[in-house]
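Here is a short briefing to read with the model open beside you.

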Amino acid sequence: MSQSRLSTALEQGLLSLPAGPVSVLRPPAGYDLSAIAPDRLRISHGFRPDYEFWQATGAVVSVAPVAAPTTIVVLPRAKTLARGMIAQACALSGLVIVDGQRTEGVDSLWRELRGRLGEMPAVTKAHGRMFWFNVSDRLTDWAIAAPAPDAAGFYRQPGVFSEGGVDRGSQVLAAGLPAKLPARVADLGAGWGYLSAAALARPGVQQIDLIEAESLSLDCARLNVTDPRARFIWADVTRHAPDRAYDAVIMNPPFHAGRAAEPALGQAFIAAAARMLAPHGQLWMVSNRHLPYETALREKFRNLAEVGQDGGFKVFHATRPLR
Ligand SMILES: C[S@@+](CC[C@H](N)C(=O)[O-])C[C@H]1O[C@@H](n2cnc3c(N)ncnc32)[C@H](O)[C@@H]1O
């Protein structure tokens with residue numbers, strides 16, 4: 001592995017860390033922290049697959065960041081979330097280190113922060129930048145407010161999928177669901193709960209499990225779906241084993257991991273749906289027209305039909321899951 005920006009800065013003496021724990025916010029699986037003794041690390045992550053990765057390394061991991069003399073903010077893609085994490089680091093720390101890829105907007109953030117706080121040291125390497133500064137109380141306007149409902153009554157917050165409103169694909173799927181649904185339903189990758197709310201509005205549902213990897217999304221889903229038939233499960237869909245097989249799965253699967261389009265993740269969701277369904281179980285799924293999911297659906301289900309489409313989206317209904 002080529003040397004990371006963090007290792008470079010520490011090994012070349014450009015950066016020295018205060019004694020004590022180092023809190024690291026949202027490092028993706030595999031992020032290089034080898035320059036810091038493992039017992040000093042306090043990892044926080046709300047995305048379950050990354051959380052599980054760090055847990056498996058033996059690191060101390062939590063969902064919420066903890067106070068520590070040093071905080072490393074690993075930039076996420078969502079700009080408002082990135083700013084909120086920096087404001088949070090300022091509230092919990094002394095030295096704040098920000099590390100990110102150019103594609104995640106690290107350079108514009110660095111320019112903006114220099115404009116607000118003055119010059120700050122930086123290391124550029126491998127299509128990214130790391131910079132650091134002592135905490136400031138001049139970034140409190142970046143703090144993320146508690147989610148508030150929109151005109152339709154839905155709560156969302158920075159870092160959730162379709163933060164700006166209802167996703168068009170999900171709308172197409174909600175419209176394509178049958179008038180009545182079976183008793184036990186799972187919403188895989190449930191996000192902030194839009195599809196589950198639509199399912200619960202249909203007669204027949206006795207229980208719905210909202211299975212979602214991002215804790216920020218699930219927090220909003222709890223506010224959006226207050227029906228007692230709903231259960232909220234923070235899990236990686238590709239690894240989760242339900243307590244009982246489902247009669248139906250509904251899903252608008254993720255089509256990218258990070259920035260790259262990643263049909264493999266959607267295909268893993270299709271395999272997970274087949275695995276979680278009872279033999280009589282049914283799947284309703286929406287996908288972008290151009291995504292190559294039909295082969296995976298035919299491999300995992302005996303029967304497949306396209307039951308709706310709109311613009312760039314199509315809705316599939318699949319039955320007779322194969323394991
Ligand atoms: C396309 S969005 C759909 C969200 C929601 N169902 C809606 O209709 O608005 C896919 C969702 O899958 C979640 N996700 C991604 N990878 C996951 C995984 N491995 N396990 C569970 N959820 C995952 C994402 O966080 C995102 O909320």
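A pocket here is an open set of grid points with protein on both sides within 12 Å along at least five of seven lines, and its volume is the space filled by probe spheres set on the points. With that in hand, please keep in mind that this is a predicted model. The second largest pocket has a volume of about 440 Å³.

**The second largest pocket**

- The lining is made up of 25 residues, and those nearest the pocket centre are Pro65, Leu81, Met85, Gln88 and Leu216.
- Two elements each give two or more residues to this lining: helix H3 (79–92) and helix H7 (215–224).
- Which helix gives the most? That is H3, with seven residues.
- By residue class, the lining of the second largest pocket has 16 nonpolar, seven polar and two charged residues.

- Seven strands form an open sheet with mixed pairing, in the order S3-S2-S1-S4-S5-S7-S6.
- Strand S3 (60–62) and strand S6 (122–125) each have a single partner strand, so one side of each has no neighbour in the sheet.
- On average, neighbouring strands of this sheet are turned by 20° against each other, direction ignored.

- S6 and strand S7 (residues 128–134) run antiparallel and are joined by four bridges.
- Among the pairs to look for, Lys125 stands opposite Gly128 in S7, and Thr124 has Arg129 as its bridge partner in S7.
- The two strands form a hairpin with two residues between them.
- In the turn, Ala126 has a positive phi of about 50°.

- Strand S11 (residues 246–251) and strand S14 (residues 277–288) run parallel, with five bridges between them.
- Tyr246 has Leu277 as its bridge partner in S14.

**Salt bridges**

- How many salt bridges does the structure hold? There are 18.
- Side chains of opposite charge can pair when their charged atoms come close.
- In one of the salt bridges, the side chains of Asp99 and Arg5 meet at 2.6 Å, N to O.
- This pair links distant parts of the chain, as Asp99 lies in strand S5 and Arg5 in helix H1 (residues 5–11), 94 residues apart.

**Gly165 in its loop**

- Where is Gly165? Look in the loop between S7 and helix H5 (168–176).
- Leaving aside neighbours within four places in sequence, Gly165 is in contact with Arg156 and Trp192.
- Gly128 is 37 residues from Gly165 along the chain, and their C-alpha atoms are separated by 30 Å.

Methods. Residues are numbered from 1 along each chain as its sequence is written. This is a predicted model: local features need pLDDT of at least 70, side-chain atom pairs count only at pLDDT 80 or more; totals for chains, interfaces and linings use all residues. Side-chain values use heavy atoms; hydrogens and water are left out. Two strands pair if DSSP finds at least two bridges between them. On a 1 Å grid over the protein atoms alone, a cavity is a set of points where a 1.4 Å probe fits but cannot get out, and a pocket is an open set with protein on both sides within 12 Å along at least five of seven lines; lining residues have an atom within 4 Å of a point. Ala, Val, Leu, Ile, Met, Phe, Trp, Tyr, Cys and Pro count as nonpolar, Asp, Glu, Lys and Arg as charged, and the others, Gly among them, as polar. Axes are lines fitted to C-alpha atoms, for helices over the stretch in contact, and angles run from 0 to 180 degrees between N-to-C directions. A salt bridge is a side-chain nitrogen of Lys or Arg within 4 Å of a carboxyl oxygen of Asp or Glu. Contact means heavy atoms within 4.5 Å.
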